[in-house]
Amino acid sequence: MKLEALLEDVEEQNRAGNHVDRIVWLDDMNDNDDEWEEDYEPRPDLTVLLGIPVLRLRPLLKIGLTPDHMAQVRDFIN
């Protein structure tokens, strides 16, 4: 469901002339089909699917986003 919404939003933004050239996905939900653990590299499957770089981060359940997460986001978008 989230992926479908993301794909739809990227498509809408691009149609509106707002070129989306990268995505940061922050999600603390565990997904049984997704076995990655704290892999902070762009997700190849999403990158291929969307055609743009995607950084996917999983905030720590009891802490949330850490300063390290935010540094990774800054590095990725700059």
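**Figure 1. Overall fold of the predicted model.** From the N terminus onward, the elements of the protein follow the order α-β-α-β-α. This amounts to three helices and two strands, shown here as a predicted model. Of the 78 residues in the protein, 31% are buried. The accessible surface comes to about 5600 Å², and carbon and sulfur atoms account for 53% of that area. When contacts between residues at least 6 apart in sequence are considered, 48% of them join residues at least 24 apart.

**Figure 2. The largest nonpolar core.** Nine residues make up the largest nonpolar core of the protein: Leu6, Val10, Val20, Ile23, Trp25, Leu46, Leu50, Ile52 and Val54. At least two residues of this core come from each of α1 (2–15), β1 (23–26) and α2 (44–50). Ile52, one of the core residues, touches Val20, Asp21, Arg22, Ile23, Leu46 and Thr47 when residues up to four places away in sequence are not counted. Among these partners of Ile52, Val20, Ile23 and Leu46 are themselves members of the core.

**Figure 3. Helix α1 and the residue that follows.** The end C-alpha atoms of α1 are 20 Å apart, in agreement with the 20 Å that its 14 residues should span at 1.5 Å a residue. Gly17 follows α1 and has a positive phi, near 90°. Gln13 is located in helix α1. With a relative accessibility of 28%, Gln13 counts as partly exposed, because that value falls between the limits of 20% for buried and 50% for exposed. Once its neighbours within four places in sequence are left aside, Gln13 is in contact with Asn18 and Val20. Val20 also belongs to the largest nonpolar core.

**Figure 4. The salt bridge within helix α1.** The structure contains two salt bridges, and one of them joins the side chains of Arg15 and Glu11 at 3.0 Å, N to O. Both Arg15 and Glu11 lie in helix α1, where they are four residues apart, about one turn of the helix. Arg15 has a relative accessibility of 61% and therefore counts as exposed.

**Figure 5. The salt bridge between Arg22 and Asp21.** In this view the side chains of Arg22 and Asp21 meet in a salt bridge at 3.8 Å, N to O. Arg22 is partly exposed, its relative accessible area being 31%. Asp21 is likewise partly exposed, with a relative accessible area of 41%. Both residues are touched by Ile52, a member of the largest nonpolar core.

**Figure 6. Gly51 in the loop between α2 and β2.** Gly51 is situated in the loop that connects α2 and β2 (54–57). This glycine has a relative accessible area of 59% and is therefore exposed. Although Gly51 and Asp21 are 30 residues apart along the chain, their C-alpha atoms are separated by 8.7 Å. Asp21 is also a partner of Arg22 in a salt bridge.

**Figure 7. A nonpolar patch on the surface.** Val24, Leu26, Leu65, Met70 and Ile77 form a nonpolar patch on the surface, and together they present about 380 Å² of accessible area. Strand β1 and helix α3 (67–77) are the elements that give two or more residues to this patch. Val24 is part of strand β1, and its relative accessible area of 30% places it in the partly exposed class.

Technical notes. Residues numbered from 1 in each chain as written. Predicted model: local features only at pLDDT ≥ 70, side-chain atom pairs only at ≥ 80, totals over all residues. Heavy atoms only, no water. Core = buried A, V, L, I, M, F, W, Y, C linked by side-chain atoms within 4.5 Å. Buried < 20%, exposed > 50% of the residue type's maximum accessible area, 1.4 Å probe, protein only. Contact = heavy atoms within 4.5 Å. Expected span 1.5 Å × (residues − 1). Patch = residues over 30% accessible without salt bridge, like charges linked within 9 Å, V, L, I, M, F, W, Y side chains within 5 Å. Areas by Shrake-Rupley, 256 points an atom, 1.4 Å probe, with all protein chains shown as cover. Salt bridge = Lys/Arg side-chain N within 4 Å of Asp/Glu carboxyl O.
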